[in-house]
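Open your viewer and get ready to click along.

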Amino acid sequence: MRRRGPLTLVLTGLLGAALGLAGCFTERQHEGEKIYATHCANCHGAQGEGLKRLIPPLAKSDYVAKNRTGLACLIRKGIKGPLVVNDVEFNQAMPAADSHLTDSQITNLLNFVQTSWGNQGEVFTIREVSAQLQGCGASDGQ
Amino acid sequence: MTFFRFRQALTISLLALGSTLLLPGCSADKNNAAATERLPFIGEREVRPRADGGPADTVYATIPAFRLTNQDGKVITNQTFAGKVYVTDFFFATCPSICPKMQSELLRVYDKFKGDPRVLFLSHTIDPAHDSIPVLRDYAQRLGIADAARWHFATAPHDTIFALARAYMTAAQVDKGVAGGFAHSGAFALIDPQRRIRGVYDGMNPLEVQRLLDDLPVLLREVEQEQKAAK
């Protein structure tokens, strides 16, 4: 077998470094999607479709579009009582997130919803989400 | 070397054995196979010697007698399901964890069989303290179930429900540690007209629910053949 030239070694090293670095950046990629799958999809559906008149949809939901300023607190604290989404009345209590989500996790989750299933909502910054959460006394500043 | 030869011979004979076992499966007439296919009996079975000394009877586990109330306030019992096959599950109306997914999967099965009066559905609430008859009716209507006679949403005293859950092989228990206050599995059970369990499926897994969709016609065919034979 031929000995590996220095160039091969350098290239291998670079490739390794690139893979290692990619790891740093990909760790939190798709975080919103993952949080949606574990915390939200059982009720709101894998495609944000909701369930008949029991669970409101998040895909093409006028409620999401009209209530931008209340969404972060809704996720952290849950919501109770009747609610109209796309002209359908729903009345199922939504619990607060079953494990703590940080401000940045809520931001990623909201942005996943804003940009999925045909939704084209304006994305959120962490600053905006933290400000909303401060408004309901629930920001963790993370 | 000899050892190697022996292993080779063993491999070859195993392969040959395997093919003889497998090949009939390939060549069997598919329709014929489907016609004779039978679902298993799930649960404990008991072998009872016959008094006349004939071959012993195998007695399969059956669902005990029950008395529940459905979303229309009607009493339902085993008699309600006489001559039918039915699919059952356990849920509660305010369940924030697995129920919506589970009920949407059961809805998928209901939609496939809603034109077939031989198949009924029965969902039990495991939270009878909250899920009154009006709550169950509201839930059923919101799910789009207008005909209570096809899909019963039923309640009974707490102990009755939990004993039934065990009979239907669903794990259900009070657990203050989980969201909603109850821990339960999302199992669906398929019951035949003799009250025997013929299948248990994970209602949270679309592949398992597909298995239920495939099993239902098999059971219906068996029931049809038995009813013909009884005439």
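A residue is called buried if 20 or more other C-beta atoms lie within 10 Å of its own, exposed if 12 or fewer do, and partly exposed in between, with C-beta atoms placed from the backbone. This is a predicted model, where local features need pLDDT of at least 70, side-chain atom pairs count only at pLDDT 80 or more, and totals for chains, interfaces and linings use all residues. Residues are numbered from 1 along each chain as its sequence is written, while chains are lettered from A and ligands numbered from 1 in the order in which they are written.

**Stop one: a helix in chain A.** Select residues 103-114 of chain A, which form helix H5. Helices (H or I, at least four residues) and strands (E, at least two) are DSSP runs, numbered from the N terminus. How many of the twelve residues of H5(A) are buried? Nine are, among them Ile106(A), Leu109(A) and Phe112(A). Their cover includes helix H2 (31-44) and helix H6 (126-135) of chain A.

**Stop two: a sheet in chain B.** Now look for the open sheet of five strands, in the order S7-S6-S5-S10-S11 (chain B), with mixed pairing. Its edge strands are S7 (151-154) and S11 (197-202) of chain B, each pairing on one side only. Two strands pair if DSSP finds at least two bridges between them. Zoom in on strand S6 (residues 119-125) of chain B: four bridges join this strand to S7(B), and the two run parallel. Here Ser123(B) stands opposite Phe153(B).

**Last stop: the whole chain.** Show all of chain B, with its six helices and eleven strands. Of its 231 residues, 32% count as buried.

Definitions and conventions
Expected span 1.5 Å × (residues − 1). Contact = placed C-beta atoms within 7 Å.
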